[in-house]
Amino acid sequence: MEDFINITPVAASRIDQVDFDNLAFGSVFTDHMFVCDYRNGAWERPSIVPFAPMHMSPAASVLHYGQAVFEGMKAFKDDTGSVWLFRPEQNGKRLAASSERLAIPQFPVPVFLSALKELLTRDKEWIKPGKGNSLYVRPFVFASAAGVQASAASEYRFMVICAPVSSYYGGEVRVKIADHFSRAPQGGTGYAKAAGNYGGQFYPTQLANNEGYQQIIWTDAATHEYIEEAGTMNLFFRIGDTLLTAPTSDSILDGVTRKSILDLAKHMDIQTEVRPLKVAELLAAQKSGTLQEIFGSGTAVVVQPISGFGYKGENYETPLPKDSYALKLKNALMDIQYNKAEDPFQWRYKVCD
Ligand SMILES: Cc1ncc(COP(=O)(O)O)c(C=O)c1O
């Protein structure tokens with residue numbers, strides 16, 4: 001693969017200019033990026049080049065019609081200096097599924113994996129060891145063809161950029177359950193990691209922020225009765241001793257962390273249930289005292305306990321219980337990611353030593 005990729009290394013690394021103790025999430029990028037263009041019906045020879053701004057036509061289709069999809073994953077360094085990814089083939093497959101939904105040509109999963117391996121090996125000094133430190137990896141594809149016809153473009157660009165991170169959210173997270181705005185309708189693009197799904201959330205999220213909530217819990221667009229997911233996290237509810245999560249659907253992203261948590265929970269003898277959950281059931285569980293905890297799951301946060309929620313002007317507290325499933329599952333998952341525990345599911349993927 002290395003021979004197949006055109007490589008232009010940086011003249012001098014920027015790593016010495018970076019304060020790794022004070023990283024704002026996703027704002028500093030590593031020395032290199034991966035680029036592969038799609039033209040004349042095929043993906044061309046890819047390259048790894050210094051991270052830099054790029055030229056684009058103001059008529060580039062993505063700027064007008066939002067034909068773009070992306071992924072989010074993390075690379076970890078263990079105590080011996082080896083670098084690992086977590087289930088990257090899942091992200092490769094999901095990028096392909098997202099691409100299909102947006103009429104974007106699919107980037108082959110084996111090349112996706114080789115791209116990550118080559119790029120991360122080159123920039124491995126940017127991955128710091130220690131639990132909580134990682135490299136956020138952002139693969140994405142967008143319509144690069146110049147032209148404002150409202151139809152699928154003829155040219156695309158696949159890229160990977162990487163940002164060193166420590167942890168995503170500081171402090172407590174309170175959420176608002178949506179009763180008016182929607183993230184994704186049935187038959188829409190909700191299951192795809194399409195750029196527009198995110199752009200459409202910013203305004204309702206800003207309104208929720210102004211009311212003191214960090215994120216929104218999205219409900220089904222048709223009735224607002226069923227809980228779906230948060231802006232960038234799937235959701236888990238512990239009612240009694242059962243861990244509940246909504247089934248994935250065409251309006252919910254099939255999170256890699258979510259499916260890993262379901263497997264891990266079963267492995268740890270935690271009872272799980274995957275079924276639709278009504279807001280009314282959540283409120284009833286809160287009132288009767290059977291709602292033990294709520295947490296979100298996602299690549300960026302791994303597991304994020306949710307300390308309270310708001311619904312139709314009322315606030316409800318959900319403090320972390322003593323024997324929290326959230327923390328147990330977070331530790332178990334991170335131990336696998338950082339090569340500190342057995343990997344019974346073979347989720348770790350070796351990038352380099
Ligand atoms: C809408 C949405 N739901 C859920 C997730 C969690 O998915 P994963 O665990 O694959 O990161 C994400 C983030 O990637 C997301 O953007």
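The centres of domain 1 and domain 2, taken over C-alpha atoms, are separated by 27 Å. This is a predicted model, in which local features need pLDDT of at least 70 and side-chain atom pairs count only at pLDDT 80 or more, while totals for chains, interfaces and linings use all residues. Residues are numbered from 1 along each chain as its sequence is written. Here is a friendly tour, going from the domains to the ligand and then to the sheets and helices.

**The two domains**

- Domain 1 covers 6-165 and domain 2 covers 174-337; such bounds come from an automatic or database domain assignment.
- Where the domains touch, 20 residues of domain 1 are in contact with 12 residues of domain 2 (contact: the C-beta atoms of two residues, placed from the backbone, lie within 7 Å).
- On the domain 1 side, at least two residues each are supplied by β5 (68-70), β6 (73-77), β7 (83-86) and α2 (88-101). These labels are DSSP runs numbered from the N terminus: helices are H or I with at least four residues, and strands are E with at least two.
- With six residues, α2 gives the most to this side of domain 1.
- By class, the side of domain 1 that touches domain 2 has nine nonpolar, five polar and six charged residues. Ala, Val, Leu, Ile, Met, Phe, Trp, Tyr, Cys and Pro count as nonpolar, Asp, Glu, Lys and Arg as charged, and the others, Gly among them, as polar.

**Around the ligand**

- Which residues come nearest to the ligand? Of the 13 around it, they are G255, V256, T257, G298 and T299 (a residue is near a molecule if its C-beta atom, placed from the backbone, lies within 6 Å of it).
- The most comes from α6, with three residues.
- The shell divides into three nonpolar, eight polar and two charged residues.

- Strands of a sheet pair through backbone hydrogen bonds, either parallel or antiparallel.
- Five strands in the order β12-β11-β10-β18-β19 make an open sheet with mixed pairing (two strands pair if DSSP finds at least two bridges between them).
- At the edges are β12 (227-230) and β19 (314-317), each pairing on one side only.
- From one strand to the next, the twist averages 25°; angles run from 0 to 180 degrees between N-to-C directions, and axes are lines fitted to C-alpha atoms, for helices over the stretch in contact.
- Strand β11 (residues 215-219) pairs with β12 in the antiparallel sense over two bridges, and I217 stands opposite A230 in β12.

**Another open sheet: β15 to β17**

- This open sheet has five strands in the order β15-β14-β13-β16-β17, with mixed pairing.
- The edge strands, each pairing on one side only, are β15 (271-274) and β17 (302-306).
- Three bridges join β13 (residues 234-239) and β14 (residues 242-245) in the antiparallel sense, and I239 has T242 in β14 as its bridge partner.
- Helix α8 packs on the sheet, touching β13, β14, β16 and β17, and its direction makes about 165° with that of β17.

**Where two helices cross**

- The axes of α6 and α8 (residues 325-337) come within 10 Å and cross at roughly 105°.
- S260, I261, L264 and A265 of α6 make the contact with L329, A332 and L333 of α8.
- This contact has six nonpolar, one polar and no charged residues.
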